[in-house]
Structures are given as C-alpha cells and as structure tokens.
Amino acid sequence: MRVFSGIRPSGDLHLGNYLGAIRQWLQLQEKEECLFCIVDLHAITTPYEPKKLQEQIKKTAIAYLAAGLNPEKSVIFIQSKIPEHTELAWILGTITPLGDLKRMTQFKEKSKKYPKAINAGLLNYPILMAADILLYLAEIVPVGRDQEQHVELAREIARKFNLRFGKTFPEPKALINEKAEKIMSLQEPTKKMSKTDNHLSFLGLFDSEDLIKEKIFRAVTDSGSQIAFDPKRKPGLSNLLNIYSIFSDLPIKKVEEKFRGKGYFDFKKSLANLLIEKLKPFRQKQKEYAKRTVFIEEILEKGRKKAQLISQQTMTLVRKKIGLSI
Ligand code: TYM
C-alpha cells in the first residue's frame with residue numbers, strides 16, 4: 001500500500017506534529033511504500049517571510065530525519081520541486097464544488113486568524129492537498145484529527161474524478177492515532193497545539209532542557225489539586241496527563257495512580273524530566289544533521305527523482321483521461 005503525508009515548513013515541529021503524524025510514519029515506513037513531503041506550497045497560503053522559507057524547508061528536512069525517518073525506506077522530498085502537484089491541483093479544482101471548500105473548518109479558522117490575508121490559495125488549500133495524495137495514488141494518509149476533513153474531501157474528489165473520467169485514483173483514507181489525535185496548546189488547552197501560536201503554547205521537538213522546563217511549568221492547568229484525567233473540566237491537566245502517558249508508555253489510569261496524593265508541582269516536575277529524557281536523542285540527532293548540509297541536499301534530490309517518476313506517470317494518464325492529450 002502506498003502512503004503519503006506532509007508537514008508545512010512554517011515553524012518548528014512540535015509534539016502535536018510528532019505524536020499525531022510522524023510517530024505513525026515511523027511505523028509505516030517499516031512495512032509500506034511511503035512518501036513524506038515538505039509541503040512548501042501550502043506554507044505560503046498564510047503570512048510568511050520569503051527570505052526565511054528556504055531555511056525553514058531545510059529545518060523541516062532535518063527534523064524529519066532527526067525524528068527517525070529513514071531515507072532508505074521513505075521517499076523524502078519538497079513539494080514545489082514537482083510541478084505536477086500544481087498541475088493536478090488545477091485539474092481537480094475544476095471538479096471540486098466551491099461549497100465544499102467554503103465549509104472546511106481549517107479555512108474558517110485560518111480566515112479568522114488572518115482576517116487581512118484571506119486569499120484564494122487558502123480556500124483552494126484542500127485541492128492542492130488532494131493533488132498531493134492522488135498524484136502518488138496513495139491509499140493511506142497518516143495525519144492528526146485536524147486534517148481528517150481534508151483527507152475526506154480528497155476521497156470525494158477521487159470518487160468524482162473516477163466517476164467522470166473512469167477509474168484512475170484509489171480512494172485515500174486518513175489514518176489517525178486515537179491517543180494522539182489532537183495534542184492541545186499548553187497555554188489555551190481547549191485549542192490544538194499549533195506551530196504558528198505563541199512559543200509557550202507548543203513544545204518544540206528540539207526545545208532545550210531549560211525551555212522544556214519553562215514551558216511545562218508555565219503550562220496552564222486547572223483549578224483544584226488532584227491529578228485526575230477529565231478533559232471536559234480539566235483540559236489543561238488532561239492534555240499533560242495524556243502526553244505523560246504516551247511518553248511513559250503507561251495507561252492514563254496508572255499515571256493517575258502514580259501521582260495520587262501529590263500536587264501539580266510534583267507532576268509537572270516529573271513530566272518535564274520525562275520529556276527532557278525522551279526528547280534528548282532528537283536534540284542530539286538534530287545537531288548532527290544540521291552540520292551535514294550536503295547529505296540533506298542529496299537525500300532531497302534522491303527523493304525528488306523518485307517522486308518525479310511516479311508523478312509523471314500519473315499525469316500522463318490524467319491528461320489522457322480528461323482529453324488534454326491523446
Ligand atoms: P500541518 O503542517 O499543520 O501539520 C502536520 C501534521 O501534524 C498534525 N498535527 C497534529 N496532530 C495532533 N495534535 C496536534 N496539535 C497537531 N497539530 C498538527 C497534522 O494533522 C498533520 O498530520 N495540510 C497539512 C499538510 C499537508 C498534507 C498533505 C498532509 C499538505 N498536503 C497531504 C497529508 C497529505 C498540514 O497543514 O499539516
């Protein structure tokens with residue numbers, strides 16, 4: 001089965017990206033044919049700094065490797081290096097109802113967040129995402145819960161295309177890790193953790209020990225003193241408990257037991273130490289890869305070549321099916 005997923009190079013990767021998406025990628029690369037993309041064309045739909053984009057792309061590639069992606073097993077590449085993504089996106093746009101795009105939750109949220117920058121790219125974002133997936137005839141799309149709606153739309157677009165022009169694409173499915181489907185912000189725990197929010201609200205995968213301590217101690221917790229999992233009444237604490245449970249490999253009940261009779265301070269101290277220890281290998285690998293610029297460029301170029309082969313084949317077929325070539 002072919003797997004496709006991607007991350008926008010629009011900031012430091014955080015625990016949400018890692019737990020919601022990348023951890024699934026690591027398992028999948030062991031048994032499936034995987035393509036993991038750095039989706040720079042999606043990153044430019046919200047305000048960004050052009051001079052910093054190349055640096056961000058490089059940092060994301062380093063993060064993929066430091067988090068454990070193996071370039072011998074997975075194809076790692078940059079979206080904008082393959083022009084077929086935008087060509088297919090244009091074509092798919094002609095069969096996507098405008099109403100479907102307008103009802104997308106992410107479009108509504110981003111429009112609210114950037115009221116002065118509601119551009120057509122933001123609206124068409126899910127079409128490009130559908131093109132990313134369908135171009136490689138991918139069947140499985142490992143993502144966090146927030147991207148499920150977009151993958152569903154990609155599925156509908158595939159179905160529509162197949163009905164109109166004959167069977168061409170498999171209908172892709174989102175693969176979501178229930179336990180880490182939505183890691184919440186450390187500052188506003190009813191919102192998802194996001195790389196474009198205030199830096200205290202997300203825990204970067206490569207944050208220093210001091211920063212991890214600071215962010216965990218300053219994380220918003222709820223009134224009361226008991227360490228109990230209750231996402232409705234104690235969203236802040238429950239998010240931290242969930243993160244503790246994932247990194248310690250202990251069920252949440254066991255974590256609650258471990259801290260019975262203890263207060264928030266003890267719990268946060270223990271969580272900060274756990275994260276410092278578990279994220280240490282990531283920090284070390286990131287430092288090593290950051291020095292190997294040529295190696296990183298070679299991996300991305302090798303990835304580009306492999307992705308190009310598949311995407312050209314698909315587009316030859318698509319152009320024929322829709323009457324743009326014979
Ligand atoms: P992006 O860059 O916002 O996020 C990358 C991945 O991380 C997941 N994620 C989370 N999971 C759990 N908790 C969170 N707080 C959290 N925040 C982010 C996202 O669900 C995602 O899996 N549109 C996509 C990128 C994309 C893509 C694609 C993905 C473009 N083309 C094709 C899959 C297939 C995005 O913005 O992800």
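**Entry 1: Thr60 and its surroundings**

I began with Thr60, which touches Pro9 and Ile38 when residues up to four places away in sequence are not counted, a contact being heavy atoms within 4.5 Å. I note here that this is a predicted model, in which local features need pLDDT of at least 70 and side-chain atom pairs count only at pLDDT 80 or more, while totals for chains, interfaces and linings use all residues. I also note that residues are numbered from 1 along each chain as its sequence is written, and that side-chain values use heavy atoms, with hydrogens and water left out.

I placed Thr60 in helix H3, residues 50-66; helices (H or I, at least four residues) and strands (E, at least two) are DSSP runs, numbered from the N terminus. Is Thr60 buried or exposed? I found a relative accessible area of 2%, so Thr60 counts as buried, where buried means under 20% relative accessible area, exposed over 50%, and partly exposed in between, with a 1.4 Å probe and protein chains only.

**Entry 2: the strands**

I then turned to strand E1, residues 2-7, which pairs with E2 in the parallel sense over six bridges; two strands pair if DSSP finds at least two bridges between them.

Which residues does Ser5 touch, not counting residues up to four places away in sequence? I listed Trp25, Leu35, Phe36, Cys37, Pro142 and Val143.

Strand E2, residues 33-38, is mostly covered, with five of its six residues buried. On to strand E3: E2 pairs with E3 in the parallel sense over five bridges, and Leu35 has Val75 in E3 as its bridge partner. I looked up E3, residues 74-78, and found it mostly covered, with five of its five residues buried. In a regular strand the side chains alternate between the two faces of the sheet.

**Entry 3: H6 against H7**

Two packed helices are described by the angle between their axes and the distance between the axes. For helix H6, residues 105-113, and H7, I noted an angle of about 160° with the axes 9 Å apart; axes are lines fitted to C-alpha atoms, for helices over the stretch in contact, and angles run from 0 to 180 degrees between N-to-C directions. H6 is therefore roughly antiparallel to H7, given that angles under 35 degrees count as roughly parallel, over 145 as roughly antiparallel, 65 to 115 as roughly perpendicular and the rest as oblique.

From H6 the contact takes in Gln106, Phe107, Lys110 and Ser111, and from H7 it takes in Leu122, Leu123 and Tyr125. By class I recorded four nonpolar, two polar and one charged residues in the contact of H6 with H7, where Ala, Val, Leu, Ile, Met, Phe, Trp, Tyr, Cys and Pro count as nonpolar, Asp, Glu, Lys and Arg as charged, and the others, Gly among them, as polar.

**Entry 4: H4 against H13**

Helix H4, residues 84-93, packs on helix H13, residues 293-322, at an angle of about 25° with the axes 10 Å apart, and H4 and H13 are therefore roughly parallel to each other. Which residues make the contact? H4 brings Glu84, Glu87, Leu88 and Ile91, and H13 brings Gln308, Ser311, Gln312, Met315, Val318, Arg319 and Ile322. I divided the residues of the contact of H4 with H13 into five nonpolar, three polar and three charged.

Leu137 sits in the loop between helix H7 (120-135) and strand E4 (140-142), and its phi is near 50°, a positive value in a residue other than glycine. Because its relative accessibility is 29%, Leu137 counts as partly exposed.

Asp249 lies in the loop between helix H10 (235-248) and helix H11 (252-258), with phi near 65°, again a positive value in a residue other than glycine. I found Asp249 exposed, with a relative accessible area of 70%.

Lastly I looked up Glu49, in the loop between helix H2 (40-43) and H3, which is partly exposed with a relative accessible area of 47%. Glu49 and Ser10 are 39 residues apart in sequence and 9.5 Å apart in space, C-alpha to C-alpha.
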